[in-house]
Amino acid sequence: MSENSTEFKLGADAGSTKPKILEAKYIIPFILVASLFPLWGFANDVTNPLVKAFKDIFLISNAQSSLVQFAFYLGYGVMAIPAAIFIRKYSYKAGILLGLALYAAGAALFIPAASYAEFNYFLAALWIITCGLALLETTANPYVLSMGHPDTSTQRLNLAQAFNPIGSLTGMFIASTYILNELKVAEFRANEQAAHPEYADMLPSVVDGKLTTALETFSKTNPVEHQAMQAADLATVQGPYVAIACVVAVLFFVFLFNKLPKTMSHDHPLTGKELKETFGRLFKNGCYLEGVVAQAFYVGAQIMCWTFVIHYGMTSVGLTASEAQGYNMWAMGIFLASRFICTFLLGFIRPGQLLMVLAVGGFLLTIPVIFVGGYLGLYSLIGISACMSLMFPTIYGIALKGMGDDASLASAGLVMAIVGGALMPPMQGALIDGGELISGIPSVQTSFTLPAICFVMICLFGYRAHTKYKV
């Protein structure tokens with residue numbers, strides 16, 4: 001039975017021939033596992049603004065500050081396959097517990113990182129957090145897919161993923177209200193701009209450069225005051241991470257003392273031979289391999305659009321970092337609403353076809369982002385979130401459909417693809433640092449050529465999924 005003939009509802013009459021999205025016996029386990037999805041949404045979006053914050057706090061380049069995203073998403077590339085092997089050998093519950101433990105430990109490490117005022121320590125803490133997130137995502141996504149009929153698996157995963165933006169919105173709100181709004185370096189920039197009324201007649205990108213130069217001069221002429229300002233800002237940054245460490249620790253014990261159903265067979269131990277055979281099957285699965293590639297491009301596009309919206313708002317419109325982050329929150333609100341709408345549409349439109357349409361929309365919206373700028377460009381950048389809302393779980397569901405017990409290892413490849421978020425933001429940061437690519441257009445705007453290319457690749461996968469793989 002195809003997905004476009006599936007009713008979008010949590011239950012059905014006992015005599016119904018149409019598969020349920022979620023059977024009664026899985027409701028409580030589903031709610032528990034779905035509670036994990038906001039956790040990586042929070043971690044992603046409370047971390048995104050750190051790229052700009054650390055640039056000013058440590059006085060480093062855009063490419064260097066983008067190492068925040070490199071370290072954050074590198075954990076997915078390193079941990080994904082070990083996580084899948086661990087889950088296959090033990091259980092989904094064991095994967096969840098280990099993931100939560102690593103998440104809490106990494107967040108707690110922000111305390112010594114702030115105390116030593118060492119940028120590399122923050123990168124290490126972020127990497128440990130994402131090692132935990134890799135375990136959680138490698139576990140939660142296939143676990144949700146396995147909680148019911150295969151024909152409703154993509155809809156079920158989209159339903160669970162719909163809770164992810166709740167964590168993202170919370171992370172954005174915390175970042176805007178309790179980090180960016182409280183930074184002493186932001187106060188310095190505001191005071192510097194107020195002391196130079198002539199800046200009002202300059203381009204936002206020029207003003208941003210002058211404020212950065214003033215900050216660098218202040219660090220050299222007043223090193224003691226600058227160090228005090230830096231220490232205060234790093235203490236501000238660590239606060240939300242200490243809080244989330246406590247929340248994750250509580251969740252660890254909730255899962256520890258709750259029984260979860262076993263939906264994966266452990267009748268056959270995961271031997272070296274079986275591991276080789278499983279990977280052999282995966283490498284022969286064209287739809288799966290293309291899905292992994294598409295997922296890497298999607299995550300890269302998402303992280304670039306959400307990370308550099310702050311840079312875009314500051315250099316193309318003239319907003320403060322906190323004001324620009326406010327627009328990021330609007331983008332996430334649109335993302336959340338669009339995900340519920342598109343999840344409903346999956347009951348009537350095939351996943352590959354819908355993915356293709358959304359990718360075309362994302363590409364078209366990058367055009368004013370690059371060539372127009374100003375508020376129209378900013379609004380278009382926010383609008384891209386509506387197109388991205390369904391991409392991750394839809395690519396995931398298409399690639400894993402019908403995998404059975406291979407899903408836990410196949411999931412590792414899709415989680416590893418999140419490393420696209422580690423590789424592409426530094427590339428965009430380097431483009432911004434490199435200056436204008438097109439005369440008269442700020443480099444922040446032209447850097448969004450990279451997300452445009454990503455949407456082309458996603459559209460190609462959607463087209464092939466719809467026409468060749470009939471998904």
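Let me start with a term: buried means under 20% relative accessible area, exposed means over 50%, and partly exposed lies in between, using a 1.4 Å probe and protein chains only. Now the model.

This is a predicted model, where local features need pLDDT of at least 70, side-chain atom pairs count only at pLDDT 80 or more, and totals for chains, interfaces and linings use all residues. Residues are numbered from 1 along each chain as its sequence is written, and side-chain values use heavy atoms, without hydrogens and water.

Rings next. Rings of Phe, Tyr and Trp (its six-membered ring) pair if their centres lie within 6.5 Å; planes under 30 degrees apart are stacked, over 60 edge-to-face, the rest tilted. The structure holds 23 aromatic pairs. Take phenylalanine 54 and phenylalanine 119. Their centres are 5.6 Å apart and their planes sit at 75°, so this pair is edge-to-face. It links distant parts of the chain: phenylalanine 54 is in helix α3, phenylalanine 119 in helix α8, 65 residues apart. Helices here are DSSP runs (H or I, at least four residues), numbered from the N terminus.

Now phenylalanine 392 and tyrosine 396. Which kind of pair do their rings make? With centres 5.7 Å apart and planes at 40°, the pair is tilted. Both lie in helix α20, four residues apart, about one turn of the helix. Phenylalanine 392 and tyrosine 396 are both buried.

Last, backbone angles. Most residues other than glycine have a negative phi. Leucine 59 has a positive phi, near 55°. Leucine 59 sits in the loop between α3 and α4. Lysine 470 also has a positive phi, about 55°. At 55% relative accessibility, lysine 470 is exposed.

Note on methods. Helices (H or I, at least four residues) and strands (E, at least two) are DSSP runs, numbered from the N terminus.
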